[in-house]
Amino acid sequence: MNDASPDLMSISAFARRVGLAPSALRFYDDCRVLLPAHVDGATGYRFYSPAQEARARLLRGLRATGLALADVTAVLDGPPGRARVVLERHRAAARERGRAADAAIAAVLDGLPGGPRSTEFILGGAELASAARQVTPAAGRDPAHPELGGVLVEFEEDEVRFVATDRYRLALRTLRPAALTGPAGRVLVDADALLGLGAWAARTAEVTLVAGPAGASLAVRHPGGSREAAGTAGEYPAYRDMLAALPAARHRVIVDRAALLAALEDCGDSPAVALELGRDRLLVACRALPALRAEAEPVRLGFDPAVLAPVLEASVGPDVLLEVSEPTLSVLVRSADQGSFTALVMPVAVPDRRA
């Protein structure tokens, strides 16, 4: 005898309502992700409540994105903070898979009759010069790692990114081109060569950048002529993984950029300067700077001024935003009014004040 409540639905009826196959509902029952509201004791038939429709539809949507079942349960039943971390990580991975697929397709297209294609995109001349100035201070100078002496220029759809890193700091500037035609790709350009291209283009309202196939070159042209820099070889660090691996920021402080620079300069040649974050203030060595910070919890971390100062100099606008997850992990440095510029700086150890 069926003793189910009359407002319950059979597995077939519920499956039609939520867009899941009955076999999928049985699987989710076995996995204890979506349990029936009632199971008939005699027949074993499963019945579902209308109140379960929202969970079932969300489950279907999450699985449609390719999210693993273990992560689905974290989103469905875990705290909101954990759900956000899982979804952001999955979104980053999905985007990376999409980029890899796009690159694979582009490589096949390049091998078809007609040969590989170049990509052209239009930027403001001042934008190009600014991006080059901002990121090149983070480029490496170690002859043992020549690839770090370059700036990675990535382009896809409606975005162009300029990336430089010496493994102790990273700088990233994102620009929106006025137009972009051709396949997505990347070119690794010597940092000094990119600075030269930017300086040459700075006084022109718009310039066209032409990225050669397979990262062979990067040319800049405008009505006054054209210049080109050869692409450099080397496997560039997976900077996206570096950024994705950062924990969420726990502490944020906004401070006057020029004042922070001046405070660092006052520290002379010290290899490590302590920064202490307090409520609405930032203490640099023994100099207190007014700042915007909501948290009252004090945080102390150290920086090498020779590493942090160039990042601040390359930033734009009067204010700079520091985002700290842990004092021993990389710190995000952003232009407070120019969110497309991001730098990653590794803290250093500082002597204990009680020592």
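The model is predicted.

**Helix H9**

- Helix H9 spans residues 257-266, and Arg257, Leu260, Leu261, Ala263 and Leu264 are buried in it.
- Viewed down the axis of H9, these buried residues fall within an arc of 160 degrees, so they line one face of the helix.
- In general, an α-helix has 3.6 residues a turn, so residues three or four places apart point the same way.
- Ala258, Glu265 and Asp266 are exposed, on the other side of H9.

**The largest pocket**

- The volume of the largest pocket is about 1,400 Å³.
- Its lining is made up of 36 residues.
- Glu88, Ala92, Arg240, Leu243 and Ala244 are the lining residues that lie nearest the centre of the pocket.
- By class, the lining of the largest pocket holds 14 nonpolar, six polar and 16 charged residues.
- At least two lining residues come from each of helix H5 (80-111), strand S6 (159-165), strand S7 (169-175), helix H8 (239-244), strand S18 (319-324) and strand S19 (331-335).
- H5 gives the most to this lining, with twelve residues.

**An open sheet of three strands**

- Three strands form an open sheet in the order S1-S3-S2, and their pairing is antiparallel.
- Strand S1 (9-10) and strand S2 (38-39) are the edge strands, each of which pairs on one side only.
- Strands of a sheet pair through backbone hydrogen bonds, in either a parallel or an antiparallel sense.
- Two bridges join S1 to strand S3 (residues 46-48) in the antiparallel sense.
- Met9 stands opposite Tyr48, a residue of S3.

**Gly185**

- Gly185 is a residue of strand S9 (residues 185-190).
- Leaving aside residues up to four places away in sequence, Gly185 touches Val153, Glu154 and Phe155.
- Gly185 and Arg99 are 86 residues apart along the chain, and their C-alpha atoms are separated by 9.3 Å.

Notes
Residues are numbered from 1 along each chain as its sequence is written. This is a predicted model: local features need pLDDT of at least 70, side-chain atom pairs count only at pLDDT 80 or more; totals for chains, interfaces and linings use all residues. Side-chain values use heavy atoms; hydrogens and water are left out. Two strands pair if DSSP finds at least two bridges between them. Helices (H or I, at least four residues) and strands (E, at least two) are DSSP runs, numbered from the N terminus. Contact means heavy atoms within 4.5 Å. On a 1 Å grid over the protein atoms alone, a cavity is a set of points where a 1.4 Å probe fits but cannot get out, and a pocket is an open set with protein on both sides within 12 Å along at least five of seven lines; lining residues have an atom within 4 Å of a point. Grid points are joined across faces, edges and corners, and a volume is the space filled by probe spheres set on the points. Ala, Val, Leu, Ile, Met, Phe, Trp, Tyr, Cys and Pro count as nonpolar, Asp, Glu, Lys and Arg as charged, and the others, Gly among them, as polar. Buried means under 20% relative accessible area, exposed over 50%, partly exposed in between (1.4 Å probe, protein chains only). The arc is that of the directions from the helix axis to the C-beta atoms.
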